[in-house]
Amino acid sequence: MKAKFVSALTEEMDKYATLSVCSTIAQVRKMTNNHASDILHIIGCNSIHCYKALRIAEKHGVLVVVSPSGDLMPWNRKVADKTGNVVFQEKTIREADAIHVGSEMEQEHMKLLAWNTRQELVRNSIVTHQITQRQMVFAFFRLYQKVIDSNTFRLMNDDEKQAENMLLHCGVWLSAHQQPSHEAPFYPLTEDPEAKSLLNRLQEESLRKILLHANDENVIDYIRKGAAYLHLQVESINFDGIERFEQKLKKPHDSLPTDRLLARHAMKNKIRFDHLRQDEKPSDTEMALCYLFVNIDFALQRHTFIRRHLVQLYMLLRYSDYDEDKLERMLRSLQMKPFASRLMQILHESLALEEGFMPIPPKDDRTTSSIRKKLQNINIQ
């Protein structure tokens with residue numbers, strides 16, 4: 001039955017997408033190694049090899065859709081219990097980016113298992129006349145697009161990430177220089193041949209990924225400004241009209257507070273802030289920066305950090321007046337200087353913050369690499 005399903009799916013799918021069929025782990029490894037695949041669709045989950053295929057795909061940034069094809073129904077799970085594959089079944093389902101169910105009965109059973117809520121019902125034309133083969137294949141194409149649109153950052157290549165950084169930097173620069181206190185000089189990126197070449201190479205699908213990711217990170221306004229200034233034709237996306245699964249990481253869209261601490265029970269920090277006000281007599285900007293560094297650290301630990309927060313810090317550092325020596329003393333008192341120095345390195349890499357606008361020198365060490373990895377894991381950069 002599974003072989004017939006795969007045959008029916010592949011017969012029509014080439015009208016919508018390029019695909020290949022793998023029957024061994026070696027073939028999966030070869031397919032994912034070439035970085036040409038966006039999605040691996042695993043049919044069935046009754047073998048450890050299914051989980052191995054999923055792990056290989058994850059390692060190479062390939063998204064995974066799993067069709068249990070009845071393997072998790074009660075009458076089939078007895079076999080998995082005897083062979084010990086039930087552990088790998090659960091892992092395969094939990095880690096998949098989407099689950100395809102073929103009937104209401106299977107959908108209800110998957111809900112009861114509660115291993116993965118990202119489910120989509122597409123009937124199998126092999127076993128029912130309620131759907132034609134062509135309708136089934138088109139429904140799967142829509143499912144694949146939904147999975148891609150739900151995980152755009154994981155599919156972005158280095159050029160697309162660099163382009164997003166450029167557009168974001170340009171948009172932030174424009175926003176800062178729209179203020180009356182700043183004259184708008186000529187933006188230097190427009191004369192950089194490498195930057196122009198990179199932006200000109202962007203295809204429509206690349207721009208779509210950048211826009212969707214920017215919307216998730218609440219920097220879409222800056223990206224659109226940057227794209228308009230650099231004469232990039234970006235599509236007008238109705239984000240509410242795009243089918244997407246619920247994000248694995250639920251993130252806020254608000255900016256971080258700069259007048260209070262996020263951590264409710266941070267009594268030590270509250271005492272330190274009170275002492276800072278008395279000892280340093282800081283300006284509003286200096287206090288705002290201290291609050292921001294502490295709150296960014298807290299947000300990173302809770303996985304509630306978004307690119308908007310990085311822009312918020314950049315704007316304060318780059319376009320505000322403050323006493324750098326005083327701010328350094330304050331960060332030292334708060335025991336935040338090492339963390340702040342590593343954030344300077346991150347800001348330099350992602351938003352091209354110049355050392356002349358850093359209150360403390362940047363630090364690039366193992367802990368900085370750990371912060372980079374954390375940002376990667378929460379889909380930021």
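A polar contact is a pair of N or O atoms within 3.5 Å; within protein, one must be able to donate a hydrogen and the other to accept it, and residues adjacent in sequence count only if both atoms are side-chain atoms. Asp-323 uses such a pair to cap the N-terminal end of helix 16, with a side-chain oxygen 3.0 Å from the backbone nitrogen of Asp-325.

This is a predicted model, in which local features need pLDDT of at least 70, side-chain atom pairs count only at pLDDT 80 or more, and totals for chains, interfaces and linings use all residues. Residues are numbered from 1 along each chain as its sequence is written, and side-chain values use heavy atoms, with hydrogens and water left out.

**Overall build**

The protein chain has 18 helices and four strands. Helices (H or I, at least four residues) and strands (E, at least two) are DSSP runs, numbered from the N terminus. Along the principal axes, the C-alpha atoms fill a box of roughly 75 × 50 × 35 Å. Of the 381 residues, 50% count as buried. Buried means under 20% relative accessible area, exposed over 50%, and partly exposed in between (1.4 Å probe, protein chains only).

The chain exposes about 19,800 Å², and carbon and sulfur atoms supply 49% of that area. Accessible areas come from the Shrake-Rupley method with a 1.4 Å probe; for residues, only the protein chains shown count as cover. Among contacts (heavy atoms within 4.5 Å) with a separation of 6 or more, 73% join residues 24 or more positions apart.

**Cores**

A nonpolar core is a set of buried Ala, Val, Leu, Ile, Met, Phe, Trp, Tyr and Cys residues joined through side-chain atoms within 4.5 Å. The largest one holds 74 residues; Ile-296, Phe-305, Leu-313, Met-344 and Leu-347 touch the most other members. Helix 14 (residues 284–302) gives this core its largest share, eleven residues. Another core, of 23 residues, lies apart from it; Leu-40, Ile-42, Leu-54 and Val-66 are among its members.

Phe-305 has contacts beyond four places in sequence with Glu-217, Lys-251, Ile-296, Ala-299, Leu-300, Leu-310, Leu-375, Ile-378 and Ile-380.

**Helix residues**

Thr-32 sits in helix 2 (residues 25–33). Its relative accessible area is 1%, so Thr-32 is buried. A polar atom of its side chain lies 3.2 Å from the backbone oxygen of Arg-29. Beyond four places in sequence, Thr-32 touches Ile-56, Ala-57, His-60 and Val-62.

Arg-55 belongs to helix 3 (residues 48–59). At 44% relative accessibility, Arg-55 is partly exposed. Glu-95 is 40 residues from Arg-55 in sequence, and their C-alpha atoms are 8.9 Å apart.

Asp-216 is in helix 11 (residues 204–216). Asp-216 counts as buried because its relative accessibility is 17%. Its side chain makes a polar contact of 2.8 Å with that of Arg-244. Leaving out residues up to four places away, Asp-216 touches Arg-244, Gln-247 and His-253.

Helix 16 spans residues 324–333, and its buried residues include Lys-326, Leu-327, Glu-328, Met-330 and Leu-331.

**Loops and positive phi**

Most residues other than glycine have a negative phi.

| Residue | Phi | Setting |
|---|---|---|
| Ala-114 | about 60 degrees | loop between helix 6 (104–113) and strand 4 (119–121) |
| Gln-335 | about 60 degrees | just after helix 16 |

Ala-114 is partly exposed, with a relative accessible area of 48%. Lys-281 is exposed, at 59%.

Arg-123 lies in the loop between strand 4 and helix 7 (133–150). Its relative accessibility is 21%, so Arg-123 counts as partly exposed. The side chains of Arg-123 and Glu-104 are joined by a polar contact of 2.4 Å. Setting aside neighbours within four places in sequence, Arg-123 is in contact with Gly-102, Glu-104, Thr-128, Gln-130, Ile-131 and Met-136. Glu-95 is 28 residues from Arg-123 along the chain, and the two C-alpha atoms are separated by 23 Å.
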